[in-house]
Amino acid sequence: MRGLPANLVIGAVLVGLVVGIAALSLVWTPHEATQMNIRGKFGDPSAQHWLGTDQLGRDVVSQLMAAARNSMTVALIAVLLGGSIGVALGLLASALGGWVEEAVMRLADLGFAFPALLFAIMLAAVFGPSLTNAVLAISFINIPVFARITRASANQIWTRDYVMAARAAGMSRFAITRDHILPNVAAPIIVQATIEFAVAILAEAALSYLGLGAQPPASSWGRMLSEAQTLMFMAPELAIYPGLCIMIAVLGFSLLGDGLRDITDPRLVRER
Amino acid sequence: MIALEDFCVSFGQAVALRNATLSLARGARLGVVGESGSGKTMLGLSLMGMVPDAARRSGTMTVDGVEMGSASEADWQKMRARRVAMVFQEPMAALNPLRRVGDTVMEPMRLHDGLSRARAQARAVSLFEEVGIPDPAARLRQFPHELSGGQRQRVLIALALACNPALLIADEPTTALDANVALRITDLLVRLSREREMALVFISHDLGAVSRATDTLVVMYGGDMVEQGPTAQVLAAPLHPYTKGLLAARPDPARSGRDASGKRRRLPTIPGTVPPLHALPAGCRFSGRCSVEITACALQRPALRWADATQAAACHLLTGGDA
Amino acid sequence: MTAPVLLEVRGLTRRYRLPRRSLLRPGPVLTAVDNASFTIRAGETLGIVGESGSGKSTLARMVMAFEKPDAGQVLFQGQDPHALSHSALRQLRQGFQMVFQDPYGSLDPRRRVGWSIAEPLRAMGEAGTQARTAQALTQVGLSGQDAEKYPHEFSGGQRQRIAIARAIVTRPALLVADEAVSALDVSVQAQILNLLMDLQEDLGLGILFISHDLAVVAQVCDHLMVMQHGKTLESGAVTEILRGPSHDYTRSLLTAAGVTP
C-alpha cells in the first residue's frame, strides 16, 4: 500500500465499507427493514436494535442498510446509463467534428442548463414518483458531463502522432476511436465516473427527501431524513444517522475519485 | 575557479558519472559533448549541486576554494545564482508564463542581493541590453509568449546573469532554436564570457556550436570522460575511437552524393546502441561497439593517456604517458 | 526510360486567418504555404528544407491529405486524394505513408509494437499480418520477436525503426519523412539515414524528406527545395545548390550547417 496516495486508500476503504454493507443487505439485515412495531417506537439502542428504532418501530440499522443498497443501485445504474450515452456522444462529436460536434456540444449546454430537479418533477408528474424516475433523472444530468470531458480528452488524443499514423494507414474513424481513442481516454472517464457516483448518491438522497424518489416502504437515506425532520426535537439521532451515512458514502467516492486522478496523472505515469 | 576530482554519481547499480575530473579558470570556456546517456547532463547538474537526492555522490568538488562535494542544500542555495548559474534547453518551460519577464529576471536580484525595486529594474534593463534584447525597457513588461524563441533564450541568459555568477552552465542552449538564431545565441554566450571574465560550460550534442563557443572540449560516453583537449584539436584530430566514430557519423555535404556506380554514399556508423546505465561494460564503456578493441578493453578501464601536453583520451591503444 | 511520377504537387497554397486583434476588423491572413510545386518520381528523394514557420509541415500535411489546400492540387499516381471519398482515400493511402518526428509519440504506448506495425494492413482487411510484420521488422534491422514488446522497451532510434517498419509494411510507393531524424543523436541519426537509403534502393521508394538541417538533406536527397515563410525560395539539384546558392537565406543556412559554398 506504500506509495499509494492517502486519499485513494481512505476512499477505497470507505467505498468498500458502504458497498459491502449494501451487498450484505441483499442477503441479511438484523431485522426486516420495513417491519413496523408501533409499540416499540423510538426505542433506545440495545442488543436487539443496535441503533434503536424509529417512529414506526422499524429497526434503524436495517433501514440504513437497505437504503445503502438502494442508493448504490440508483447511483450505479444512473452513472452507467448516463455515462454510456455521454461517452458515446463525446466520442462521436470528437471523431466527426464539424457541425456534429457543434450540435452535440450545444445539446450538452442545454442539458447543463436544464435543472435536474425540474426534470425529476416532470417525470414524477407524468409517471408518478418512484426510484426508477430518480434513476432516469440522474442519468439525464450525467450525459452532458461525460459528453464534455470525453470530447475534450478525445480531441487531445486525435492530435497525437500515433493517431495520425493510423489515419495515414487508412484506418476508419470508427476503428481509430475504438482502438486508440477509447483506451487512452478511459482513465479520465473512470475518474469522472467515480466522482459522478458521489454526485448521484447525493442526488438520490435529495430526490427521495423531496418525495420524488424512493416511495415508502422502500428505504432511502433521503426519505429517512425527511421523516426525521418533524421529529427533530424528540429524536434528533434519527436525522443524524442517515445524514452520516450520506456523508460517508459521498466522502468515500470523492476521495477515491481524487486518488484515482492522482495516480493516473499523465505527468507522473509517463514511460520514457 | 571550479574543480572536480574523481566525481562519481550513481543510482544503485547504475553509474551515471564515473570519475569526472576537470578544472576551469575564470573566463575559460569548456565544451561538453556527448549523446543521450553520456552523463553530460548529470555533469552539469553536479556543478550546480542539483543531482537528484536518490543518487549517491563521491569525489571532491571545489567552487572558488570552497569544498562543495558533500555540501548541503542550504550551502548550495547560497552558491546558486551568485557563483554558479544555469541556462536550460527549453526556454518556454523555464519561464513562468503568468509573470512578466522583467519580474522573473528581477526576482533573484531582490531575493539574493536585496535590491530595491527601482535598482533591480535598472539592473534588469542593463542586463537585457547586454544580452542583446532590443528595446529593453518595453520588453520587461512583456510575457513569455509574446517573445520569440531566441528572445526567450536571451531572457533566460539574462536571468542567469542577474547576480553576476562566476560560472555559467549552458545545457543544450541552442537545441530548440532555428539555426540562424542558434548561431547568434552561441556568439552571445562567448561575448558574455569574455566581457565578464565568466567561466562557461557549454553542454551540447551540436558539434558546430561547441566548436564556435569553446576553447577546450570534453567528450563523454556512458558516464566516462573519454577524451579531452583543445576544441579545434579534438575535432580535427580525435584520438578516441568513439570521438572518431561520432565525427565521422555527421552528415557532410562534401562526402555525400552518389559514387561512381550511381549508388548513394552511406554514412559511416557506430554499430549497435548505447547500453542502458545498468548494463554498461565494466571496463571501457565503449567496448562492444569499438572497431579496434582488444581483449583488455571490456575488462579493464583505460586511464586517461596524454598524447601531447594538452590532448588526452581514455583508451588502451594510445601510447603515451598516463595522466 | 524515366521512372514513373509518384507525386505531383502544383501551386499548393494554404492560408490561415489569425485571431482578431480588434473587434471591428477581421484578423490578418497568414499564408502558411504559398504556391508550392514539385514532382517526385519513383526512386528519387526530394528534400524540403526550412526553419520553423517555413510552412514545410503544413505542406506535408496537405500532401498526406490531412488538411485540404486552399488552392492548387496534389496528385498521387495521377489521383487527387482530396477529391476522393473517405473509403477511396483509405485505399489510396496504402501507397503513401509517413514517418513522424517524435519517436516517443508516434507509437501508441498501450499497444504492442507488432500491433502498431500491422495497423495499415488491418485497415484494408489484409491477412498474413504476422508474417508481413516480421518481414518489416527484419527489413529495418530489428527482429521478428520484437513484435511482442511494448514501445517503452525500445530506445529512440529503435522506435524510429519501428515507425519506419509500420510505414513500409504496405509496400508503399512513396514515403514522407517529416523531421524523421531530428530528435535523434548523431550516431543514431546516421544509422537511420543509412536505413532510409537502403530501403529506397531495395524497395524503389520515392521519398519526400523534410528537415531543418541542410546537411542531413544533402546526404539523402538528389533534389531540394528551400522554403521560408511559406514561399519556395529555390529548388533544384542538391549539388548545384550547394555549389552556388542563389538566395542569401540559403547561404545563411549553409553557413549555419558549417558548409562553405
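**How we know what we say**

Modeller: Let's begin in chain C, where five bridges join strand β3 (residues 45–49) to strand β7 (residues 206–211), and the two run parallel. Bear in mind that this is a predicted model, in which local features need pLDDT of at least 70 and side-chain atom pairs count only at pLDDT 80 or more, while totals for chains, interfaces and linings use all residues. Residues are numbered from 1 along each chain as its sequence is written, and chains are lettered from A and ligands numbered from 1 in the order in which they are written.

Colleague: What makes β3 and β7 of chain C strands that pair?
Modeller: Strands are DSSP runs of E, at least two residues long, and helices are runs of H or I of at least four, both numbered from the N terminus. Two strands pair if DSSP finds at least two bridges between them. β3(C) and β7(C) have five, so they pair. In β7(C), C:S211 stands opposite C:V49.

Colleague: Why are β5 and β9 of chain C called edge strands?
Modeller: They belong to an open sheet of six strands with mixed pairing, in the order β5-β6-β7-β3-β8-β9. β5 (96–99) and β9 (231–237) each pair on one side only, and that makes them the edges.

Colleague: What lies across β3, β6, β7 and β8 of chain C?
Modeller: Helix α1 (residues 56–63) of chain C does, running at about 150 degrees to β6(C). Axes are lines fitted to C-alpha atoms, for helices over the stretch in contact, and angles run from 0 to 180 degrees between N-to-C directions.

Colleague: How do you know whether the radius of gyration of chain B agrees with a compact globule?
Modeller: The radius is taken over C-alpha atoms, and the globule rule is 2.2 Å times the number of residues to the power 0.38. For 323 residues that rule gives a value near 20 Å; chain B has 21 Å, so it agrees. The C-alpha trace of chain B spans about 65 × 55 × 35 Å along its principal axes.

Colleague: How many residues of chain B are in contact with chain C?
Modeller: Contact needs C-beta atoms, placed from the backbone, within 7 Å. By that test, 23 residues of chain B touch 25 of chain C. α8(B) gives the most to the chain B side, with three residues.

Colleague: And how many residues does chain A give to its contact with chain C?
Modeller: Chain A gives 17 residues and chain C gives 22. The largest share of the chain A side, seven residues, comes from α6(A).

Methods: Two residues are in contact if their C-beta atoms, placed from the backbone, lie within 7 Å.
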